[in-house]
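Please read this briefing alongside the sequence and the coordinates shown below. It goes from the fold of one chain to a residue inside it, and then to the contact between two chains.

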Amino acid sequence: MTTLAHRPSSASPRRVRRLKEIGLGYLLVLPALAIFAVFTFYPFVHNFKLAFYQTPPVPGLPAHYVGLHQVTQVLSSSSFLESLSTTFIFVALIVPISLIAGLALAVVAHRKLRGMSVYRMIFSSTVVSSVAVAAVVFGTLMNPIVGLLPWLGINPTPPLLENTTWALPSVALMTIWQFLGLSFIIMSAGLQSVPEEVLEAARIDGATAWTRFWRVTVPMLSPTIFFGVVVGTIFAFQSFGQIDILIGAQNAAYRHVDVLIYNIVNTLTQDNNPGAAAVMSIALFLITLVLTLLQLRFLERRVQYAD
Amino acid sequence: MPIDTATAATASADPADTAPLARVNPARRRRRSRKVGSYLLLTVAAIVILFPIYISVVDSLLKSDQLGRQPPPFFPFHPQWGNYSVAWTQGHLSAYLKNSAIMTATIVAAQLVTSILAAYAFAFLRFPFRRTLFLVCLATLMIPFEVTFITNLTTVTSLGWFNTYQGLALPFLATGFGIFLLRQAFLQIPRDLKEAARLDGYGHWRFMARVAVPLARPSVAALTVFAFLAAWNQYLWPLVVTGPRGTSPPLDTVQIGLKELIGTQANNVNVALAGAIIALLPLVVLLLIFQKQLVRSLTAGAVK
């Protein structure tokens, strides 16, 4: 009797504390997890449901179940395939140029010179520009009347941003400028982790600056470059605002600049077709997933190096 | 001008350089000319990068009839500050900025709170499924917002929050990146400190507020700056979740306002550019003051 009465009272403070800790743990993670549940995981799963239901062309009628029919229909549609190839071209225009430019800037800014912090700030600066600001700025620069092109003697008809050939590269140019800041920041951080001693050893061995760059810096920087490629690809893949502002659906060249997200948004808001939009967004997710997994593998490698 | 500063810098940095020319050895002279070359390269690069913004500032200060002149003016000799007040009032920039400020402040504050709480739990508390739940938080990083906005729009609309501040901020009140960043910072805090604080009678809440968060300040600052930048510059969500609703006008943020502005001021590019400069200004201030924190948050994934 006495033992029974004693046991709980001697064990309970610790158990109560343990239970309190567990309760507190769940309480603290609850707000974040609730937001994730409602605004990340639920809509993610719901996409698959949307993909299986087709919205009738007449508004007001209920969507009906069509199974995989809509998925195959959308994925094989010329609209989707053209968007996909446009997006890939867009990415290919942006990523190499902005990464090479970012690396070049980082190398030049790596020397210890007076006033370098000002230059570094300027080189990183485009990272704070929003897509809308960059679009307004470049839209003006490329404007056929008030822009600088007539002065430079470049005056294509139709104007650059309505030109089926030049609209995509023009939007890419703006995006390169916008991504350059982040590219520089990533490359600079990578350069700072290349040990001075290794470069010094190569210098003593008589390697020229050129050889040192290609044989020491670039190989040691390869994880950073890889990281930059992934980040840049995701950045370019998620482009939307610049197309919306610089091109717009009324534009003659719009079919040639119809990147994936622009297509998804128009399918949802203009065509009122959430089913087709959901199918495309699942495709977008799968592409991003592959990229993110590559990025995670790189992070793991980095962590192993550091250990 | 930059070359002048460059030579001045070398002269003051290295007293030997001021010696009579005859005694300057060729290696040193070569080093000095390399330095001048570096500054030249840096300056050209800086000019190219800043040029679009510079020309926008110039154009935003021109009279409308000066735009499109050949050759284009490269300096505003008679700055028209009136363009800024036109953008501010007729262009509704003041209203757009207010919307952006409210949305951004809400998102930043909420992300800090939810991230600190969750990261603290993952770093300091033991509870079943802790690891799994942390991985769930990380998994959100793999689902881009562009994939979830379709259903989020339906959710927010059915809550009656289309075109409201709640609707603008709601999906972004928590962030997997923030939880990851702060958990890392909390894990750096020595366990002994936690034990000592407990013996001093500190409960979890007091330890979190008085010890953990202050010690993780660099990461908290990095998250704050990053969240501000991301929220202020958002485009897709504010575009789809705002619009006329009943009698209330669209609750445009400044980014969406810029799109409106180039539509309504198509013939006054100077006014549209004034708007763009106003929208950029808070971020320029952010960069000038918090460059270190910004770089820290942006490279959090790249460098350990």
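The points below are grouped by topic and describe a predicted model.

**Chain B as a whole**
- The secondary structure of chain B consists of 14 helices and zero strands, and its order along the sequence is accordingly written as α-α-α-α-α-α-α-α-α-α-α-α-α-α.
- Chain B has a radius of gyration of 26 Å, whereas the globule rule gives 19 Å for 304 residues, so the chain is more spread out than a compact globule.
- Taken along the principal axes, the box filled by the C-alpha atoms of chain B is roughly 75 × 60 × 35 Å.
- Of the 304 residues in chain B, 41% are buried.

**N83(B) and its surroundings**
- N83(B) is part of helix 3 of chain B, which covers residues 82-89, and it counts as buried because 26 C-beta neighbours lie inside 10 Å.
- Leaving aside residues up to four places away in sequence, N83(B) touches S60(B), L61(B), N270(B), V271(B) and A274(B).
- N83(B) and L273(B) are 190 residues apart in sequence, yet their C-alpha atoms are 9.0 Å apart in space.

**The contact between chain A and chain B**
- Chain B gives 78 residues to the contact and chain A gives 85 residues.
- Elements that supply two or more residues to the side of chain B that touches chain A include helix 2 (26-60), helix 4 (93-124), helix 6 (145-158) and helix 14 of chain B.
- That side of chain B is made up of 54 nonpolar, 17 polar and seven charged residues.

**Helix 5 of chain A against helix 14 of chain B**
- Helix 5 of chain A (residues 131-141) packs with helix 14 of chain B (residues 269-298) at an angle of about 150 degrees, and the two axes are 9 Å apart.
- Angles over 145 degrees count as roughly antiparallel, and helix 5 of chain A and helix 14 of chain B are therefore roughly antiparallel to each other.
- The crossing of helix 5 of chain A and helix 14 of chain B is left-handed.
- On the side of chain A, the residues are V133(A), V136(A), V137(A) and T140(A), and they meet V269(B), A272(B), L273(B), A276(B), A279(B) and L280(B) of helix 14 of chain B.
- The residues of this helix contact comprise nine nonpolar, one polar and no charged.

Notes:
Residues numbered from 1 in each chain as written. Chains lettered and ligands numbered in written order. Predicted model: local features only at pLDDT ≥ 70, side-chain atom pairs only at ≥ 80, totals over all residues. Axes fitted to C-alpha atoms, helices over the stretch in contact; angles between N-to-C directions. Helix = DSSP H or I, 4+ residues; strand = E, 2+ residues; numbered from the N terminus. Parallel < 35°, antiparallel > 145°, perpendicular 65-115°, else oblique. Left-handed = near helix turned anticlockwise from the far one by under 90°. Contact = placed C-beta atoms within 7 Å. Nonpolar A, V, L, I, M, F, W, Y, C, P; charged D, E, K, R; others polar. Rg over C-alpha atoms; globule rule 2.2 N^0.38 Å. Buried ≥ 20, exposed ≤ 12 C-beta atoms within 10 Å, placed from the backbone.
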